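This briefing covers strand pairing and packing in one model. Please look at the sequence and the 3D view before reading on.

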Amino acid sequence: MPRTILRITGTDARDFLQGLVTNDVARIDRDGIVYAALLTPQGKYIADFFLVTEEDGILLDVASALAPALMQRLTMYKLRADVRIEETALKVSRGTGPAPEGALPDPRHPALGWRLYGEAEGDDGTDWDALRVEHLIPETGEELTPDTFILETGFDRINGVDFRKGCYVGQEVTARMRHKTELRKGLVRVTVEGDAAPGTAITADGKAAGVLHTRAGDAAIAYLRFDRAEGDMQAEGATVRRDG
């Protein structure tokens with residue numbers, strides 16, 4: 001999926017982002033890169049992205065399809081803060097082999113390798129869908145949509161949210177889901193026997209149970225109602241079973 005790299009600068013840049021995104025921006029001083037999301041006030045997903053430290057500011061690496069709306073939303077929030085947001089010509093390379101100089105580890109999971117920002121765009125041929133399915137990693141536009149509550153996609157497990165950082169947009173709903181609500185729906189790995197494309201509805205005993213998402217061979221990610229995710233389920237002509 002094409003990526004757009006934004007640059008956020010200004011004396012208020014860090015405080016500005018800290019009050020908006022799900023993760024602790026200060027982590028970039030330690031790790032060089034942070035994974036986070038911007039939510040609606042109702043706690044639903046707008047965009048996920050990587051924040052990368054830079055000498056004069058912060059780079060924001062986001063799916064190109066989401067970049068225009070994200071820039072518009074960030075511009076709306078900045079009001080009179082000393083913050084400048086611009087699109088850059090930078091590209092991202094990624095891979096799972098030996099990391100080149102200057103590359104940063106993907107903070108979501110060690111198996112996802114590294115990301116490198118510069119003038120070249122590249123990919124080492126890794127089967128990213130297979131890796132995401134194996135490690136249950138949600139993807140922009142696939143498992144992450146405007147209807148998503150991020151905890152249902154395991155955002156805490158993939159280092160995308162910090163529950164100690166204080167307020168951010170959508171924080172109240174996210175914190176309530178963590179502390180006061182037992183999740184009834186979420187992403188799980190499933191085995192699929194038969195033909196069923198991503199986006200296919202999953203049923204159990206004729207009742208709606210969820211949706212099939214990214215598929216890699218007979219393995220897939222599905223969004224399921226946990227109370228209906230037992231035994232054999234159906235997705236068109238395919239049989240779906242929850243792993244484990």
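In the hairpin of strand 11 and strand 12, which residue takes a positive phi? Aspartate 205 does, with a phi near 55°, and the hairpin has two residues between its strands.

The model is predicted, so to speak of local features requires pLDDT of at least 70 and side-chain atom pairs count only at pLDDT 80 or more, while totals for chains, interfaces and linings use all residues. Residues are numbered from 1 along each chain as its sequence is written, and side-chain values use heavy atoms, leaving out hydrogens and water.

**Strands 11 and 12**
- Strand 11 (residues 201-204) and strand 12 (residues 207-216) run antiparallel and are joined by four bridges; strands here are DSSP runs (E, at least two residues), numbered from the N terminus.
- Isoleucine 202 has glycine 210 of strand 12 as its bridge partner.

- An open, antiparallel sheet has the strand order 2-3-4-1-5, where pairing requires at least two DSSP bridges between two strands.
- Strand 2 (33-39) and strand 5 (84-87) are the edges, each pairing on one side only.
- From one strand to the next the twist averages 30°, with axes fitted to C-alpha atoms and angles running from 0 to 180 degrees between N-to-C directions.
- Six bridges connect strand 3 (residues 45-54) with strand 4 (residues 57-63), and phenylalanine 50 stands opposite aspartate 61 in strand 4.

**Helix packing**
- Helix 3 (residues 67-78) packs on the sheet and touches strands 1 (3-9), 2, 3, 4 and 5; contact means heavy atoms within 4.5 Å, and helices are DSSP runs (H or I) of at least four residues.
- The direction of helix 3 makes about 170° with that of strand 5, the helix axis being fitted over the stretch in contact.

Notes:
Buried < 20%, exposed > 50% of the residue type's maximum accessible area, 1.4 Å probe, protein only.
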